[in-house]
Amino acid sequence: MDIIAAYREVGTYRGAAQVTGTTHKTVKRVIARHEAGGGAPARPARGHNYDIVAALVAERVAKTAGRISAKRMLPAARAAGYAGSGRNFRRLVADCKQAWRAGHHRGRRPAVWSPGEHLVIDWGSEGGLHVFCAVLAWSRFRFVRFAADERAATTLALLAECFEVLGGVPGTVLADRMGCLKGGVVANVVVPTAEYVRFAAHYGFRPDFCEAADPESKGIVENLVGYAKSDLVVPQAPFGELAAANAAAAAWCAEVNGTIHSEICAVPAERLVIERELLGALPSLRAAIGRLVMRKVDRLSCVRFGSARYSVPTRLIGEQVGLRTDDGRLLVIVAGAGEVVAEHVLVPPGEASVRDEHYGGPRPAPRRAVRPKTAAEKQFCALGPVAEAFITGAAASGNTRLGPELAELNTLRAAHGDDVFLAALDRAVAFSRWRAADVRSILAAGAGAPEPAMAGDVLPPGLPPVPVRPLADYAIGGLS
């Protein structure tokens with residue numbers, strides 16, 4: 001039965017509920033909606049325990065441009081009479097922030113990149129390593145390298161390497177407000193350091209900086225930093241040295257630049273070929289980065305840096321050269337010409353880094369030359385290399401009477417002649433017989449001394465024929 005008709009018949013909520021088989025509350029709600037014209041009756045506004053501080057919160061939110069937190073405003077709200085929970089207060093602050101942002105939109109729009117215009121750079125840190133990331137905006141070509149620090153010299157050196165990988169120089173390099181590149185801020189305008197300005201003038205690009213506390217303005221490289229940490233640093237760490245880390249970074253960049261980018265639906269390496277035509281030309285020389293330390297090349301054809309020795313070409317002995325550290329390497333530069341004449345990996349104090357090509361070849365094995373002084377020594381050494389080999393071997397065997405025995409050996413030489421004595425001496429060296437008595441025995445044996453020969457081919461064993469019986473003769477029943 002219809003609830004409204006039942007109510008008209010009975011006249012009470014409970015009576016109509018019994019007739020229709022429902023509750024009196026449902027009947028009351030249906031009758032109220034019917035009397036209101038078919039819609040739900042307007043509910044009276046419910047009050048909240050934070051209404052007394054709503055104006056205060058709205059004022060603070062507008063004053064801080066929506067950045068103030070509920071935790072910071074809660075003490076002031078308590079002082080203003082708010083006695084509710086922190087949870088309700090956070091709801092009030094969130095509603096006020098949302099209302100303020102709805103009326104104060106920043107007008108942000110998607111970036112429209114032009115070919116050859118922007119290179120975006122940033123630093124990240126993970127696992128004790130600093131990672132330098134750069135993205136060529138239009139082609140989305142990515143460049144990642146590792147370093148031990150984030151100093152200005154390191155940043156500029158990696159930026160120069162990035163230009164060389166790209167094969168050109170973009171029009172603008174966009175960075176956040178890095179302390180290594182920022183000389184100061186005046187009226188929200190970043191003043192780059194003099195070194196960065198010289199570097200930019202050398203390569204021919206315009207340095208630019210994003211807004212303060214605004215990572216969205218360079219999100220294209222912020223994402224790359226996150227990818228480098230999650231895909232490169234975390235799976236492959238820890239790296240033993242920077243060289244291994246940078247080799248892994250170069251391989252990773254080759255992989256990601258060779259696959260289709262989800263945003264542009266194209267391969268970044270292929271788009272770089274197109275964009276490279278619009279990049280500025282690389283200068284003929286790299287810019288001088290960092291402070292140049294002067295050193296004098298010593299008589300060992302080495303320079304000292306950090307209590308360690310580093311070799312340079314021998315033609316520079318006595319000359320002044322410049323030293324510069326770059327990404328764990330030491331560069332030796334001729335100051336006048338700007339030529340890099342040597343490159344070494346930095347070594348700990350007290351160590352030495354020596355390159356064979358600086359000395360004309362590998363280091364020869366140490367050799368103690370035989371230099372005769374007495375008359376007996378000069379007479380014996382006049383026989384040539386065999387005599388020198390005999391003296392060296394006898395000394396190594398510990399023959400302490402070698403000196404007095406040289407006179408006896410000279411006597412044997414005079415008695416038997418140079419040819420026979422030289423042959424006997426050669427045999428003594430071959431069989432490590434280092435005494436004068438041994439040489440005398442060899443001379444006494446003369447032609448009767450056996451001459452060792454190399455072993456010949458293996459002789460085939462000739463087995464004599466013997467009568468044999470087949471195994472079938474030993475079968476059961478075969479001997480019956």
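**Salt bridges and helix packing**

Reader: What does Glu161 count as in terms of relative accessibility?

Author: The relative accessibility of Glu161 is 23%. This is a predicted model, in which local features need pLDDT of at least 70, side-chain atom pairs count only at pLDDT 80 or more, and totals for chains, interfaces and linings use all residues. Residues are numbered from 1 along each chain as its sequence is written, and side-chain values use heavy atoms, leaving out hydrogens and water. Because buried means under 20% relative accessible area, exposed over 50% and partly exposed in between (1.4 Å probe, protein chains only), Glu161 counts as partly exposed.

Reader: Which residue meets Glu161 in a salt bridge?

Author: A salt bridge requires a side-chain nitrogen of Lys or Arg within 4 Å of a carboxyl oxygen of Asp or Glu. For Glu161, the N to O distance is 3.1 Å, and the partner is Arg145. The pair links distant parts of the chain, 16 residues apart, with Glu161 in helix α7 (residues 152-166) and Arg145 in strand β3 (residues 141-147); helices (H or I, at least four residues) and strands (E, at least two) are DSSP runs numbered from the N terminus.

Reader: How many salt bridges does the count come to?

Author: Another pair is Arg413 with Asp418, whose closest N and O atoms are 2.8 Å apart. Arg413 is buried at 15%, whereas Asp418 is partly exposed at 40%. By the salt-bridge rule, the count comes to 10.

Reader: How are helices α13 and α15 oriented to each other?

Author: Helix α13 (residues 385-397) and helix α15 (residues 418-430) pack with their axes 10 Å apart, at an angle of about 40°. Axes are lines fitted to C-alpha atoms, for helices over the stretch in contact, and angles run from 0 to 180 degrees between N-to-C directions. Angles under 35 degrees count as roughly parallel, over 145 as roughly antiparallel, 65 to 115 as roughly perpendicular and the rest as oblique. Therefore α13 and α15 are oblique.

Reader: How many charged residues does the contact of α13 with α15 have?

Author: Contact means heavy atoms within 4.5 Å, and the residues making this one include Val386 and Phe390 of α13 and Leu422 and Asp426 of α15. Ala, Val, Leu, Ile, Met, Phe, Trp, Tyr, Cys and Pro count as nonpolar, Asp, Glu, Lys and Arg as charged, and the others, Gly among them, as polar. The contact has eight nonpolar residues, no polar ones, and charged residues numbering one.
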